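Here is a short report for a reader new to this structure. Please look through the sequence and the model first.

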Amino acid sequence: MEKRRALISVSDKTGVVEFASKLADLGFEIISTGGTEKALKKAGLKPVNISDITGFPECLDGRVKTLHPAVHAGLLARRDIPEHMETLEKLGIGKIDVVAVNLYPFKATVEKPGVTLEEAIENIDIGGPTMIRSAAKNYPGVLVVVDPADYDEVIERIRNDTADNDFRFMLSYKVFRHTSVYDTMIANYMQKKLGIEFPDQITFAYEKKQDMRYGENPHQKGAWYSEIFAKDVAGTLSSARQLQGKELSYNNVNDCGGALDLLKEFPKKPAVVAVKHANPCGVALGKTIAEAYRKAYACDPVSIFGGIVACNREVDAETASEMVKIFLEIIIAPKFSEEAKQILSAKKNLRLLELDDIAKPYAEGTRDMKKVAGGLLVQDKDTSLYSDEVKTVTEAQPTKAQLAQMEFAYKVVKHTKSNAIVLAKNFMAIGIGAGQTNRIWAAQQAIDHAKKAGNRPRGAVLASDAFFPFDDCVAAAAKAGIKAIVQPGGSIRDEDSIKLCNEKGVSMIFVGQRHFKH
């Protein structure tokens, strides 16, 4: 009986010595290369060098060692086709029955600070992907392993003769998934080097972080995937540590993402953002995080119930004592004091998430993506606020204090579903109108919410995410006692709104940049 052979050449050597030892015990001849061969010999095994199989020395600094018919014919020959077996025998080539290969560490290389293009290119694996693709194509005859987590099952199935076609096909699938992610990382690295924003074909690589109990609704399945590279997840929910509470749901993740987007608008002062169903329902700045939380809560004490709260400073005992009074789903913060953790532990299902660099801007080149049936929408992340052409368009000039409140309100409205209106006073969103099909409804909703929460609109500022098509929003704002408005401008009927502002003594600035959010 022909001796069974296994080719083992891995960059990640986790478990490889034990795997090779068990294969040897099962009667396999081990073929190996480079660092893997050294590791196996050091452990007392006697692997055959790949050059003894090919009859050709490694060359070009190891760039060429497995790209040889003696390897690939042994992998690709169909065991069920007699002509293929006869050809192998005629050429003196032995079959290779098991392949364990994982690839040069391209990801780890390009994540190193200061890595050069030459270093990155040298860590693009050629022989490895070629071998595992050959083996995976011929999966009925070759067991191919790219994940060390599969070593034990492969051994057991060989030992028990249960390596059936379904199992082999699963291993084959893992190869093509593995190489597609690998090639995507390389292509995307090169794309960034070339400064190409939107290529003709686009691919992304993500790794599963968590299976969800369900998706947006209980009848939908869902999972959460995170970016591959560490720099892309820094300061995002994917790098948060969960301290307590139930696992996150699909909707939790979506809402937390929105909360973090808005929180990052306020890196300098203590800030709290409360989100419900992907819309802010409370946003405020304060001298302390406790003050910011109390103000955010007062924005809408009804909607914050069951919501998500994000803080850009450590949650201390004072803040935790306020938070524990109501039902919250999640609290995100850079840190929780020991006293705060003790207080919040009374709420067993409350998720506490610690997130380093919570105020850090997202990585350069971060994209927004929306999946639509049959396609994908991709755009730059909305990271700016005003255009370069900010101007006062009314007779009444906004005060310095009003301008500061306008900027705060415009940051909030930027992250509120369109059509959106936000009222602000004392660095607190006192009224939020979100997701309306016309702008006047959003304005009326914001004013009504402010009044119902006991926050008087008089003297507040109003921010709109897009221009006013009519002067009705100005009329509603003036009636409520609002004294300053910030909006993009650009409507063919801007003059109507300007005229009414002048009549009512309301100041208004145009910032030249809208922020639709759908």
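## Two helices side by side

Helix axes are lines fitted to C-alpha atoms over the stretch in contact, and angles run from 0 to 180 degrees between N-to-C directions. The model described here is predicted. In it, helix H18 (residues 472-479) packs with helix H19 (residues 494-504) at an angle of about 20°. Their axes are 9 Å apart. Angles under 35 degrees count as roughly parallel. H18 and H19 are therefore roughly parallel to each other.

The crossing of H18 past H19 is right-handed. On the H18 side, Val474, Ala475 and Ala478 take part. They meet Ser497, Leu500, Cys501 and Lys504 of H19. By class, this contact of H18 with H19 has five nonpolar residues, one polar and one charged.

Helix H8 (residues 127-137) packs with helix H10 (residues 165-194). The angle is about 150°, and the axes are 9 Å apart. Angles over 145 degrees count as roughly antiparallel. H8 is therefore roughly antiparallel to H10. H8 passes H10 in a left-handed crossing.

Which residues of H8 and H10 make the contact? H8 brings Pro129, Ile132, Arg133, Ala136 and Lys137. H10 brings Ser172, Val175, Phe176, His178 and Thr179. The contact of H8 with H10 divides into five nonpolar, three polar and two charged residues.

H10 also holds Lys174. Is Lys174 buried or exposed? Its relative accessibility is 18%, so Lys174 counts as buried. The cut-off for buried is under 20%. Leaving aside neighbours within four places in sequence, Lys174 is in contact with Val146 and Asp150.

## An open sheet of six strands

Six strands form an open sheet. Their order is S8-S13-S12-S11-S9-S10, and the pairing is mixed. Strand S8 (241-244) and S10 are the edge strands, each pairing on one side only. On average, neighbouring strands of this sheet are turned by 20° against each other, direction ignored.

Strands of a sheet pair through backbone hydrogen bonds, either parallel or antiparallel. S9 and S11 run antiparallel, joined by four bridges. Val273 stands opposite Ala310 in S11.

## A helix against the sheet

H13 packs on the sheet and touches S9, S10 and S11. The direction of H13 makes about 140° with that of S10.

Which residues of helix H13 (residues 289-299) are buried? They are Ile289, Ala290, Ala292, Tyr293, Lys295, Ala296 and Cys299. The cover over the buried residues of H13 includes strand S9 (271-276), strand S10 (279-285) and strand S11 (308-311). Helix H14 (317-323) and strand S18 (429-433) are also among the covering elements.

## A buried loop residue

Ile228 sits in the loop between strand S7 (223-227) and helix H11 (230-233). Its relative accessibility is 10%, so Ile228 counts as buried.

What does Ile228 touch, not counting residues up to four places away in sequence? Its contacts are Lys107, Glu111, Val181, Met185, Ala205, Tyr206 and Glu207. Take Val181, one of these. Ile228 and Val181 are 47 residues apart in sequence. In space, they are 9.3 Å apart, C-alpha to C-alpha.

## Backbone details in loops

Two residues other than glycine have a positive phi. Asp161 has a phi near 55°. Asp161 lies in the loop between helix H9 (151-160) and H10. Its relative accessibility is 70%, so Asp161 counts as exposed. The cut-off for exposed is over 50%.

Ala278 has a positive phi of about 70°. Ala278 lies in the loop between S9 and S10. Ala278 counts as buried because its relative accessibility is 17%.

The bond from Ser418 to Asn419 is cis, with omega near -10°.

Technical notes: Residues numbered from 1 in each chain as written. Predicted model: local features only at pLDDT ≥ 70, side-chain atom pairs only at ≥ 80, totals over all residues. Heavy atoms only, no water. Parallel < 35°, antiparallel > 145°, perpendicular 65-115°, else oblique. Left-handed = near helix turned anticlockwise from the far one by under 90°. Contact = heavy atoms within 4.5 Å. Nonpolar A, V, L, I, M, F, W, Y, C, P; charged D, E, K, R; others polar. Buried < 20%, exposed > 50% of the residue type's maximum accessible area, 1.4 Å probe, protein only. Pairing = 2+ DSSP bridges.
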